[in-house]
Amino acid sequence: MIALGEQLYKGKRRKLMRKKIISIVLAIMTLLVITPSFAATDAVVVTGSCKNNFNTTGTLSNGGSGWDAFSFCTTTEISYTNTGSYSAPTENGHVYGYAQPIGTDGTVYGTREKIYLGIMALPTVNSSGASASNAKFKVFNGLKINKGYSSSTMYVEGVMTGTY
């Protein structure tokens, strides 16, 4: 009877040990998938206004290793003045504009995306951006893009980032 009890105890211990090992392996695999191993990020604060668009004065730099991802996040609500008969463009209750990663020479490095408070715009990097060393963002007035109205001034504050 004692031998049977010892076997059951050893069997439970083995199962428990297997579960712990599997849990540890799964946790490590999850961390490897979630966390980019060698990713580095550059970030620059953006402030500006425009009737049509503007290029950010700050520049992202990666030391020549190409870009894996870009993002743009507004830090305050975007505002428009002199909208005429139009209202400021809104989405999800927030005023928006657009932003697109570009090179210092104006080459497009990714898709143009809506930017507004509460979201992080994640433009898709194109082949030019994937091999570039420096990047800026071009910020667009939403009324100009949507309605062709260029008498309104859009004000933006945010942070642009690039991951390499």
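**Structural briefing: burial, core and pairing**

Cys 50 counts as buried, at 6% relative accessibility (buried means under 20% relative accessible area, exposed over 50%, and partly exposed in between, with a 1.4 Å probe and protein chains only). The model is predicted, so local features need pLDDT of at least 70 and side-chain atom pairs count only at pLDDT 80 or more, whereas totals for chains, interfaces and linings use all residues. Residues are numbered from 1 along each chain as its sequence is written, and side-chain values use heavy atoms, with hydrogens and water left out.

**Overall build**
- The protein contains three helices and 12 strands; these are DSSP runs numbered from the N terminus, with helices (H or I) of at least four residues and strands (E) of at least two.
- Of its 164 residues, 31% count as buried.
- The accessible surface comes to about 9800 Å², and carbon and sulfur atoms account for 56% of it (Shrake-Rupley method, 1.4 Å probe; for residues, only the protein chains shown count as cover).
- Among contacts with a separation of 6 or more, 71% are between residues 24 or more positions apart, a contact being heavy atoms within 4.5 Å.

**Nonpolar core**
- The largest nonpolar core has 23 residues, of which Leu 60, Phe 72 and Ile 115 touch the most other members; such a core is a set of buried Ala, Val, Leu, Ile, Met, Phe, Trp, Tyr and Cys residues joined through side-chain atoms within 4.5 Å.
- At least two residues of this core come from each of strands E1 (41-50), E4 (69-74), E11 (134-140) and E12 (153-163).
- Leaving aside residues up to four places away in sequence, Ile 115 touches residues including Phe 72, Val 95, Tyr 98, Val 139 and Val 156.
- In soluble globular proteins, nonpolar side chains tend to be buried together.

**Thr 161**
- Thr 161 is found in strand E12 and is buried, with 16% relative accessibility.
- Beyond residues up to four places away in sequence, the contacts of Thr 161 include Thr 41, Leu 60, Phe 70 and Phe 137.

**Cysteines and charged pairs**
- The structure holds zero disulfides (pairs of cysteine sulfur atoms within 2.5 Å).
- Cys 73 is partly exposed, at 25% relative accessibility.
- There is one salt bridge, defined as a side-chain nitrogen of Lys or Arg within 4 Å of a carboxyl oxygen of Asp or Glu.
- Glu 91 forms a salt bridge with Lys 114, with the closest N and O atoms 2.5 Å apart.
- Because Glu 91 lies in strand E6 (residues 90-91) and Lys 114 in strand E9 (residues 113-115), the pair ties together parts 23 residues apart in sequence.
- Glu 91 is partly exposed, at 27% relative accessible area, and Lys 114 is partly exposed, at 28%.
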